Structures are given as C-alpha cells and as structure tokens.
Amino acid sequence: MRAEERRVVEKLVKAGIEFSAAVSAPGGAETIPLEAEMVLAYLDDWKAVAAAHYQLEVEEYELWVALDGRAMCGERTRSGAQCKNPVSGRIQLSAFDWLMRHGDPCAVHGGETSTDAR
Ligand SMILES: [Zn+2]
C-alpha cells in the first residue's frame with residue numbers, strides 16, 4: 001500500500017531533500033521539521049503529526065492554537081460556569097509552558113496577579 005509514494009519519498013531523501021511543514025501555532029504559523037517517514041502520515045493527518053511534534057494530544061493542540069497560547073483559568077464561577085479569565089502572564093506560550101499553566105487559577109481565583117507574575 002502506497003508503495004509508489006514511499007518510493008518517491010525515498011528518492012527525495014536519497015537526493016538530500018529534507019522536509020518541513022508550516023503548521024498553525026500561536027501567533028500564526030510555525031515551520032516544523034518532518035522526518036521522511038512522517039511525510040505520508042502528514043498528508044493523511046497533518047494535525048496528528050503537528051500535535052505529536054509539540055507533544056500534545058490533538059485536542060490540546062487545537063485548543064493551544066485557538067487560545068493563541070493563552071492559559072485559561074480552570075476554576076468555576078459561583079454559578080458553576082467555567083471561569084473565562086486567563087491565567088496571568090504572557091500569551092503565545094510554548095506548547096510545554098501552555099500545558100503546564102492551562103487550568104491554573106486566574107488572579108480572581110487565587111492565582112498570581114499580573115504584578116506577581118513579573
Ligand atoms: Zn478564574
């Protein structure tokens with residue numbers, strides 16, 4: 001299956017051609033390197049490959065991009081609704097930093113204020 005496509009990729013690799021792809025990321029797009037063996041997988045499901053690059057689950061990757069790398073409060077308001085405040089600090093966090101901080105409390109819910117966060 002897909003033997004023909006694999007042969008083409010192998011030919012490109014032998015010619016010294018390397019692969020990269022522009023994927024959605026906070027701030028717009030980012031170019032990520034692609035291993036030759038990931039090229040065909042990327043064509044089938046680019047989001048899965050991009051998420052794996054950032055060591056996120058696909059749902060986390062989509063959220064990280066949609067929130068522009070802004071970590072959001074994980075607490076609930078008194079009425080039980082999800083708090084919509086961001087966690088104090090920078091936006092466009094790296095995938096790792098975002099994953100660490102997403103769900104932390106905002107300043108209202110006892111988290112750091114923006115002054116503390118500096
Ligand atoms: Zn909050």
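These are my notebook entries on the overall build of this chain.

**Ground rules.** I am working with a predicted model, where local features need pLDDT of at least 70 and side-chain atom pairs count only at pLDDT 80 or more, while totals for chains, interfaces and linings use all residues. Residues are numbered from 1 along each chain as its sequence is written.

**Helices and strands.** I looked up the secondary structure and found five helices and two strands. These are DSSP runs, numbered from the N terminus: H or I of at least four residues for helices, E of at least two for strands. Following the sequence, I read the pattern α-β-β-α-α-α-α.

**Overall spread.** The radius of gyration is 19 Å, well over the 13 Å from the globule rule for 118 residues, so the chain is more spread out than a compact globule. That radius is taken over C-alpha atoms, and the rule is 2.2 Å times the number of residues to the power 0.38. I also noted that the C-alpha trace spans about 60 × 30 × 20 Å along its principal axes.

**Burial.** I checked how many of the 118 residues are buried, and the share is 19%. Buried here needs 20 or more other C-beta atoms within 10 Å of the residue's own, with C-beta atoms placed from the backbone.

**Two domains.** I found domain 1 at 3-55 and domain 2 at 67-118, with bounds from an automatic or database domain assignment. Their C-alpha centres lie 32 Å apart. Where they touch, four residues of domain 1 are in contact with four of domain 2 (C-beta atoms, placed from the backbone, within 7 Å).

Notes:
Contact = placed C-beta atoms within 7 Å. Buried ≥ 20, exposed ≤ 12 C-beta atoms within 10 Å, placed from the backbone.
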